[in-house]
Amino acid sequence: MNEEEKANQQVLGHDLEWNFMDAALRMLTVSEFQNSQAGFKSRWRHFLPSFWAIIAPVLVEWNWCCYVWDFQDKNLTVLDPTRMDSSPAEIAEAHNASILSLHDALFDCKNTFFRGWNVSREDWSLKCKVFPGFGGP
C-alpha cells in the first residue's frame, strides 16, 4: 500500500480495506507499548469491549470514524479522530444522524436474523471518546 492509497482511505471517502485497518491497529499497539515504556498511561484499546461488540468503520463528513456497539453493557462508543479536541457533546451532535440510522438498521438486522437474542434497541448510553492534543486532520 503506497502513501497515496493510505491517505485516500483515511480522509477522502474511499473504501477502507482490511490491510489498512490491520496496519493501523498494529501501529497503535506498537505506539501504546512504546508510550508505556516511557511512563505514559495506555489509551486506545482499554475502552473497547473485548466481546459482545460490533465494531464498524463509518464515513462521516468524508472522514473515517469508528462506532462500537457493546451489547453487554448497552453502550455505543464513538471514536472520531478528527474531533479528538472537541467536547463529547459536539462529537455527539456531529454523529447524531449516523448513529440513529445505523443503530436502527443494526437492530432491524438483529431482530431478523437473531430472534432469540433479547437485547433492546432502547436505553443505550453514548460515549464519545476525547483525547485532548490528538485532534484534527
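Lys74 takes a positive phi near 55° in the hairpin of S2 and S3, which has four residues between the strands. Strands here are DSSP runs (E, at least two residues; helices are H or I, at least four), numbered from the N terminus. This is a predicted model: local features need pLDDT of at least 70, side-chain atom pairs count only at pLDDT 80 or more, and totals for chains, interfaces and linings use all residues. Residues are numbered from 1 along each chain as its sequence is written, and side-chain values use heavy atoms, with hydrogens and water left out.

**Strands**
- S2 and S3 run antiparallel, joined by five bridges (strands pair if DSSP finds at least two bridges between them).
- Tyr67 has Val78 as its bridge partner in S3.
- S1 and S2 are also antiparallel, over eight bridges, and Ile54 is partnered by Trp69 in S2.
- Glu61 takes a positive phi near 50° in the hairpin of S1 and S2, which has two residues between the strands.

**Burial of S2**
- Eight of the eight residues of S2 are buried, meaning under 20% relative accessible area with a 1.4 Å probe, protein chains only.
- Asn63, Cys65, Tyr67 and Trp69 point one way, while Trp64, Cys66, Val68 and Asp70 point the other way.
- In a regular strand, side chains alternate between the two faces of the sheet.

**Helix H3**
- H3 bends by about 60° at His95, as the angle between axes fitted to the seven residues ending there and the seven starting there.
- Its buried residues are Ile91, His95, Ile99, His103, Leu106, Phe107 and Lys110.

Key:
Buried < 20%, exposed > 50% of the residue type's maximum accessible area, 1.4 Å probe, protein only.
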